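Dear colleague,

Please find the structure below, handed over for your records.

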Amino acid sequence: MTNIPQNDHEKHWLVRAATIRKLWIGGGFVLGLTVLAQVFIPIQGKFGIDGWLAFPAIYGFVTCVAMVVGAKLLGFILKRKEDYYDE
């Protein structure tokens with residue numbers, strides 16, 4: 001029988017609910033600081049659109065969503081039946 005942690009203190013620190021919340025808050029804080037920094041240090045874009053305020057944050061989010069959706073679609077395309085190798 002495996003030893004399954006019963007309470008939050010027995011779990012690994014990265015899977016605790018309090019740690020996950022702190023990581024989300026910290027990530028949002030860092031993202032906010034980078035967007036705020038762009039107000040004081042303007043970026044000179046090469047293509048026009050990449051000089052907009054918060055463009056790197058928006059581009060990163062959209063790219064991340066596109067990669068997740070693409071991976072899900074690729075998974076549906078490449079999925080095989082459970083008994084594919086049982087011949």
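Where is the place of Thr 19? Thr 19 belongs to helix 1; helices here are DSSP runs (H or I, at least four residues; for strands, E, at least two), numbered from the N terminus. Before going further, please note that this is a predicted model, in which local features need pLDDT of at least 70 and side-chain atom pairs count only at pLDDT 80 or more, while totals for chains, interfaces and linings use all residues. Residues are numbered from 1 along each chain as its sequence is written, and side-chain values use heavy atoms, with hydrogens and water left out.

**Helix 1 and the segment before it**

Thr 19 counts as buried because its relative accessible area is 15% (buried means under 20%, exposed over 50%, and partly exposed in between, with a 1.4 Å probe and protein chains only). Not counting residues up to four places away in sequence, Thr 19 touches Trp 13 and Leu 14, where contact means heavy atoms within 4.5 Å. Trp 13 is found in the segment before helix 1 and is partly exposed, at 48% relative accessibility. Between the C-alpha atoms of Trp 13 and Gly 32, which are 19 residues apart along the chain, the separation is 25 Å.

Helix 1 covers residues 17-40 and includes Phe 40, which is exposed at 65% relative accessibility. Phe 40 also contributes to a nonpolar surface patch of about 860 Å², together with Phe 29, Val 30, Leu 33, Leu 36, Val 39, Ile 41 and Leu 53. Such patches are made of residues with over 30% relative accessible area and no salt bridge; like charges are joined within 9 Å, and nonpolar side chains (Val, Leu, Ile, Met, Phe, Trp, Tyr) within 5 Å. A salt bridge is a side-chain nitrogen of Lys or Arg within 4 Å of a carboxyl oxygen of Asp or Glu, and accessible areas come from the Shrake-Rupley method with a 1.4 Å probe, only the protein chains shown counting as cover for residues.

**The loop between helix 1 and helix 2**

Ala 54 lies in this loop and is buried, with a relative accessible area of 14%. Its phi is positive, about 65°, although Ala 54 is not a glycine. Most residues other than glycine have a negative phi. The C-alpha atom of Ala 54 is 9.8 Å from that of Ala 37, 17 residues apart along the chain; Ala 37 is in helix 1.

Ile 43 is in the loop as well, and is partly exposed at 42% relative accessibility. Leaving aside neighbours within four places in sequence, Ile 43 is in contact with Gln 38, Asp 50, Gly 51 and Pro 56. The C-alpha atoms of Ile 43 and Asn 7 are separated by 48 Å, at 36 residues apart along the chain.

**Aromatic rings**

Rings of Phe, Tyr and Trp (its six-membered ring) pair if their centres lie within 6.5 Å; planes under 30 degrees apart count as stacked, over 60 as edge-to-face and the rest as tilted. By this rule there are two aromatic pairs. Phe 55 and Tyr 59 form a stacked pair, at 5.7 Å centre to centre and 25° between the planes. Both lie in helix 2 (residues 55-78), four residues apart, about one turn of the helix. Tyr 84 and Tyr 85 form an edge-to-face pair, at 4.9 Å centre to centre and 85° between the planes. Tyr 84 is partly exposed at 43%, whereas Tyr 85 is exposed at 73%. Arg 80 lies over the face of Tyr 84, at 5.8 Å from the ring centre (a charge sits over a ring if NZ of Lys or CZ of Arg is within 6 Å of the ring centre and within 35 degrees of the ring normal).

With kind regards
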